[in-house]
Amino acid sequence: MNRMLALRWILAIALGATCGNAADVFRESLLPVLQTHCAKCHSGNEPGGNLRMETLDHLVGGGKRGPAIVPGNSNESLLIQLVRGEKTPRMPMGGVLPEKVVSDLAVAIDRMDAGKTPTARNPYQAWLFAKPLRPAPPVTRDPQWVKNPIDSFILAQLESKGLQPAPPANRRALIRRVYFDLTGVPPTPEEVEAFTADSSPGAYANLVDRLLADRRYGERWARHWLDLARFAETDGFAVDSERPTAWRYRDYVIRAFRDDKPYDLFIKEQLAGDETKTTGPPKQDRGEKMVALGFLRNGTWLPDANFQTQNRQDFLDDMTATMGSVFLGLTLGCARCHDHKYDPIPQKDYYRLQAFFASTRQAEQPIAFTPEESPASLRRKVRELEDEYDATAELAKSVEAEMKKKFAASKKMKPEDVLPPMLNRAIKDTKSALFTPEERKRFQSTQDSLARIEDALPRYRPVAYAVADVVPPDVPAVQDTHVLLRGELDSKGEKVESGFPRIVLGAERPAEIPFAGARTSGRRNALAEWIASPGNPLTARVMMNRVWQHHFGEGLVRTPSDFGLNGDRTVQPQLLDWLATEFVIQKWSIKAMHRLMLLSATYQQATSHPDDGASAKIDPENRYFWRMNWLRLDAESLRDSVLAMSGKLRPSEGGPGVYFHGNAELAKSFPQFHWFVSGEREQGYRSIYGFQRRSMMMPMFEVFDGANMSETCPRRQTTTVAPQALTLFNGAFVNEHARHLASRIVEFAGPNVDRQIDRAFRVILGRPPTKDQTMNARGFLGKSRPEDGLAQFAMVLLNVNEFFYLE
Amino acid sequence: MPVNLELARRRFLYQSLTGLGSLALLEQLNRETAAAAALRLPMAPKAPHHSPKVKSCILLTMLGGVSQMDSFDPKPALQRLNNTIMPFSKDNVADQPGLYSKPRKILGSPWAFKKYGQCGRDVSDLFPHTATVVDDLAFVRSIQAENGNHPAAVFSLNTGWTMPGRASMGSWITYGLGSENQNLPGFVVLPDPDSLTFSGSQQWTNSFLPAAYQGTMMRWNGEPIFDLRQPAGVTTEDRTRQMELLRSFNQDHLNGNFANPDLQGRIDAYELAYRMQSEVPSALDLTSESDATREMYGMNLSETESFGTRCLMARRLVERGVRFVQLYTKSQAWDSHGDIRTNHAKVAKETDQPAAALIKDLKRRGLLDSTLVVWMGEFGRTPDAAQTDLSKAGRDHNIRAMTIWFAGGGIKAGVIAGETDDLGNKAVSGIYRMRDVHATILHLMGLNDLQLTYYHLGRNMRLTDTGGRKIESILS
């Protein structure tokens with residue numbers, strides 16, 4: 001650890017001249033020296049040489065001999081010339097500063113941001129911040145292996161490294177891989193057999209096309225985006241209030257992927273749906289776009305009247321940093337308090353970007369449900385709830401009246417004098433014999449029903465959890481954006497205008513905001529247009545890397561939301577550029593790019609290589625993709641697959657989040673939140689439809705590295721910890737579904753034990769057992785109880801590595 | 001592979017291009033071995049940065065804000081000025097503008113203070129049991145909090161940051177040190193399960209650190225960990241046979257796939273879980289403790305049963321090598337804007353005896369030297385009240401002063417650090433903040449807060465962000 005830190009320090013110094021906000025640099029590096037060595041004479045009312053040195057302004061303003069420093073240029077700074085003795089009298093008067101102190105001063109002055117446009121510090125940055133050029137796929141020695149241009153890039157590099165691609169994966173492994181990849185659930189045994197038997201040349205391409213058109217594709221890939229969008233349905237913090245219609249954003253994302261919404265449009269809707277020109281039938285289109293704005297609202301929120309200005313600033317920071325991470329792959333958030341330490345993003349550029357949001361405020365927009373949201377069924381649901389409420393309220397009234405009477409009688413008072421708190425106390429007092437347990441239970445269940453419906457109704461209100469633009473004359477003026485020194489609200493610096501990062505533009509100029517004066521300020525629209533343009537150097541590359549990451553287990557850049565200097569660097573810049581330009585040519589169609597990647601020979605490789613050892617010596621991390629990476633089921637795929645195999649998976653049309661059983665036990669520790677478990681059918685919905693309460697992640701998801709809902713999550717952790725084994729081997733969910741699975745197996749295979757074993761292997765692992773495994777399993781079942789032996793056997797198969805890790 | 005190690009490696013490669021050649025290469029090789037080990041056993045003990053003073057830490061989290069002037073920081077001036085108007089100054093309104101919109105009255109402490117122990121420490125009548133162990137404690141009266149909201153302040157206490165989303169102290173410490181017992185979680189959280197703190201598990205989250213370092217919540221009544229036991233109907237014999245079959249199938253699979261180290265890691269995790277199933281219940285089997293011990297912790301009284309049981313659990317866990325144990329009172333337990341007399345008397349009753357018992361018990365077993373015990377909340381309280389009738393008055397949140405105490409190895413027992421103004425309103429000397437408390441705890445455990453880093457979202461994250469100051473005067 002010590003060594004590491006030391007090396008990191010050396011690196012920081014080697015990188016050298018990072019720019020710094022002049023005031024920060026002054027405070028941190030200059031002021032301590034000046035106070036020690038200069039303040040005696042150069043302060044107060046009659047400073048030496050008429051030069052005070054207490055503030056940066058004093059130094060820049062200078063004294064009798066002119067400015068004491070020139071920010072960004074130590075050699076031209078009088079202060080340095082004097083302490084070096086290059087000019088006389090040498091300072092400090094009568095003494096000599098240690099060499100180290102002098103050189104530190106010079107370095108600090110050089111670091112001061114002189115308002116210069118940052119420039120690329122090395123070829124990597126120069127590449128990153130320039131629009132991708134379309135490279136020609138290289139010529140390879142072995143043209144046979146190449147199925148499309150992706151393979152040309154991959155193979156050319158493998159050849160130059162002395163590596164060979166792995167052989168193609170077998171058909172069983174391939175269909176499992178592509179099924180989990182595109183739908184998040186395994187193929188049925190019948191689908192596996194049909195595919196392995198189909199030797200026609202187009203079989204695999206047909207499979208890919210079929211899965212891309214599958215409803216389940218949208219649910220699987222939307223989850224990746226919701227991770228990035230820090231999606232949840234509550235505020236976080238203590239109160240963790242519900243956002244009753246936040247689910248509409250989730251369904252919007254599912255539809256966007258399902259319908260292959262062009263990525264540029266997807267960006268524009270999420271950043272500026274209220275400001276972009278409509279493309280479809282105006283009304284319906286508008287609804288969709290307002291819901292998309294949920295992207296900007298998804299962050300955590302602490303409602304507190306005492307800290308409104310700070311909260312507003314936190315909201316602005318959340319939008320700015322998330323936008324930077326998600327769309328640009330830049331850690332803009334680092335430049336909130338100081339100039340970015342590694343990337344050419346001065347602090348000022350952070351606030352110039354933040355200024356695009358200066359007119360954005362949180363708003364719940366009344367937006368009718370779009371046809372895709374099936375308004376008729378939502379209305380039906382509301383009617384059902386209302387009817388149920390009326391019936392329950394009546395019942396609750398009579399139950400309460402009865403109990404009131406009983407209570408009054410016991411206290412010898414009139415029923416009408418019994419106040420609700422008195423009655424409630426008596427009902428809660430389990431030690432008293434006044435009420436029977438049945439009476440108490442009945443009371444509680446009617447009260448719970450009412451509360452459940454009261455919770456549910458607001459979720460069906462036609463409201464978009466979104467943002468709006470502050471527009472005069474409703475609001476007199478948009479607040480100016482200032483650079484905030486150290487990111488603190490009470491340290492306002494220079495005022496800035498909205499603008500794009502200087503490193504990309506090559507100069508500082510304010511963004512053109514063509515909508516100015518219209519219904520909204522058009523600021524976010526200008527930002528979205530810039531991000532979603534083919535000319536943006538980052539947008540297409542960042543998204544292509546994300547898509548690649550989910551298909552191949554690792555991105556070309558392995559820090560998918562940090563393309564900066566401190567992040568990972570791709571060894572395939574040409575391939576990434578080709579993908580990015582192809583993405584634009586394909587009109588930003590994500591499905592077209594899936595198809596390209598999945599049909600490549602690179603994707604269809606096996607995970608093991610006949611020359612594993614030798615290849616691993618050359619490329620231990622598989623940066624060059626000489627084999628396919630192992631993929632591991634994420635939390636949602638794990639749960640969804642168990643449901644699919646047990647036959648309990650139910651399709652959902654979307655709508656308000658479902659309350660899964662899996663949270664019920666945990667919910668007992670949160671008496672302040674209701675957790676009314678949803679009905680049996682809903683328990684079979686895919687995980688993406690589960691209600692996302694920030695302070696109560698489902699325990700099963702928590703142990704399996706579920707997305708932290710507090711901030712954008714560009715890649716899931718893949719940790720291996722003992723509680724995962726407890727969850728999968730002891731947990732109620734898996735045990736229950738192992739039983740369902742066992743009955744399905746018996747239904748299919750009948751009483752023959754070998755057939756049961758065979759079926760269990762095929763359902764769970766997609767292959768028949770080996771002879772030894774059949775023997776082994778037979779031995780196990782022979783010693784088991786007939787009533788639950790098969791379920792216990794299924795439990796074992798659900799826990800094996802082969803199920804959890806995909807070849 | 002954890003992306004952090006990955007990046008570290010890449011950075012070394014980059015350095016080797018910039019002239020640090022052979023050193024970088026050596027480091028790379030070292031790290032790859034370490035990375036492989038970390039993947040296999042994330043909780044394996046790791047070398048500290050410097051020689052540690054203690055092996056374990058128990059954090060007694062006093063939620064809601066304990067009043068310093070009613071506990072361990074006596075203010076005679078308060079008694080003198082009782083029921084007079086609090087002098088108004090800009091200083092008062094800086095962090096709570098709403099509070100001073102109307103005059104507020106100074107509230108003298110309802111409790112008397114006496115001096116205890118050889119060190120002659122002032123303790124109020126609220127804490128008769130803590131009073132008996134003051135010679136083992138070091139008090140700091142000058143802690144300032146970052147935020148006057150409970151949730152934000154509790155996040156700050158746990159993660160060093162007022163917003164959700166950062167890693168908690170226990171996660172950082174186990175990430176830095178691993179844990180001594182591989183059959184128990186390294187970071188255990190013992191909340192009151194009937195009233196969890198704000199945001200629940202987000203307060204003990206690993207966040208960006210690997211999930212192995214997340215806090216494991218254990219409950220004091222009922223099943224301590226979710227899914228620890230075999231499901232109903234599955235006997236131990238069944239489970240043994242299942243494990244055998246699982247091993248055999250996993251071995252078949254492994255034989256074809258030696259190149260994937262994760263597979264062995266997962267097999268190991270199952271074996272560990274299997275051992276935890278027996279180790280956790282025996283670690284938490286309090287029936288093996290004598291009646292005298294149980295009574296010392298107050299397990300025989302309904303008020304002290306919950307906190308007392310958890311204090312005893314904490315002792316048994318650190319005894320078995322668990323690195324970091326964190327107890328919580330009920331959510332907002334000490335919060336007393338209203339009638340502080342009733343509130344503080346009740347919560348002190350629930351926690352005073354168990355906390356003192358923990359110190360005594362650790363000491364008599366020789367564990368206090370290798371354990372650090374910290375007693376702290378998220379902020380202090382104001383010297384004045386909003387109410388006009390002081391017989392039912394309370395105190396509001398105060399981020400400018402709170403008193404906390406430390407005990408155990410490396411602590412100079414019997415000392416006091418820092419002081420507050422005459423009214424206890426504001427720390428005036430030896431001022432420390434949460435990050436300083438964190439730096440002090442890390443230091444005692446053998447970690448340097450600046451060196452304990454994890455690369456995330458573009459920067460090296462730390463528990464103390466830009467660094468904290470150790471509270472030197474309480475260190476032995």
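**Helix packing, chain contact and cores**

Q: At what angle do helix α7 and helix α24 of chain A pack?
A: In this predicted model, helix α7 (residues 149-161) of chain A packs with helix α24 (residues 573-585) of chain A, their axes lying 9 Å apart. Helices here are DSSP runs of H or I with at least four residues, strands are runs of E with at least two, and both are numbered from the N terminus. The axes are lines fitted to C-alpha atoms, for helices over the stretch in contact, and the angle between N-to-C directions can run from 0 to 180 degrees. For this pair the angle is about 170 degrees.

Q: Is α7(A) roughly parallel or roughly antiparallel to α24(A)?
A: Angles under 35 degrees count as roughly parallel, over 145 as roughly antiparallel, 65 to 115 as roughly perpendicular and the rest as oblique. Because the angle for this pair is about 170 degrees, the relation of α7(A) to α24(A) is roughly antiparallel.

Q: Which residues of α24(A) make the contact with α7(A)?
A: Two residues are in contact if their C-beta atoms, placed from the backbone, lie within 7 Å. By class the contact has six nonpolar, one polar and no charged residues, where Ala, Val, Leu, Ile, Met, Phe, Trp, Tyr, Cys and Pro count as nonpolar, Asp, Glu, Lys and Arg as charged, and the others, Gly among them, as polar. From α7(A) come Pro149(A), Ile150(A), Phe153(A) and Ile154(A), and from α24(A) come Gln574(A), Leu575(A) and Trp578(A).

Q: What pLDDT do local features need in this model?
A: Residues are numbered from 1 along each chain as its sequence is written, while chains are lettered from A and ligands numbered from 1 in the order in which they are written. As the model is predicted, totals for chains, interfaces and linings use all residues, side-chain atom pairs count only at pLDDT 80 or more, and local features need pLDDT of at least 70.

Q: Which element gives the most to the side of chain B that touches chain A?
A: In the contact between the chains, 67 residues of chain B meet 68 residues of chain A. The elements of chain B that give two or more residues to this side are α1 (3-17), α5 (150-159), α7 (236-256) and α8 (261-283). By class, this side of chain B has 31 nonpolar, 24 polar and 12 charged residues. The element that gives the most, with 10 residues, is α7(B).

Q: How many residues does the largest nonpolar core have?
A: A nonpolar core is a set of buried Ala, Val, Leu, Ile, Met, Phe, Trp, Tyr and Cys residues joined through C-beta atoms within 7 Å. Among the residues with the most contacts inside the largest core are Met544(A), Ala794(A), Cys57(B) and Val374(B), and α8(B) contributes the largest share of this core, nine residues. The number of residues in the largest core is 301.

Q: Is Met313(B) buried or exposed?
A: A residue is buried if 20 or more other C-beta atoms, placed from the backbone, lie within 10 Å of its own, exposed if 12 or fewer, and partly exposed in between. Met313(B) is in helix α10 (residues 302-319) of chain B, and, leaving aside neighbours within four places in sequence, Met313(B) is in contact with Leu190(B), Trp220(B) and Leu284(B). Because Met313(B) has 22 C-beta neighbours inside 10 Å, Met313(B) counts as buried.

Q: Where is Asn622(A), a residue with positive phi?
A: Phi of Asn622(A) is near 60 degrees, a positive value in a residue other than glycine. Asn622(A) counts as buried because 21 C-beta neighbours lie inside 10 Å. Its place is in the loop between α26 (612-618) and β5 (631-632) of chain A.

Q: Which residue does a cis peptide bond join to Thr88(A)?
A: Omega of this bond is about -5 degrees.

Q: What distance separates the centres of domain 2 and domain 4 of chain A?
A: The domain bounds come from an automatic or database domain assignment, in which domain 2 spans 262-367 + 468-531 and domain 4 spans 730-806. Taken over C-alpha atoms, the centres of these two domains are separated by 54 Å.
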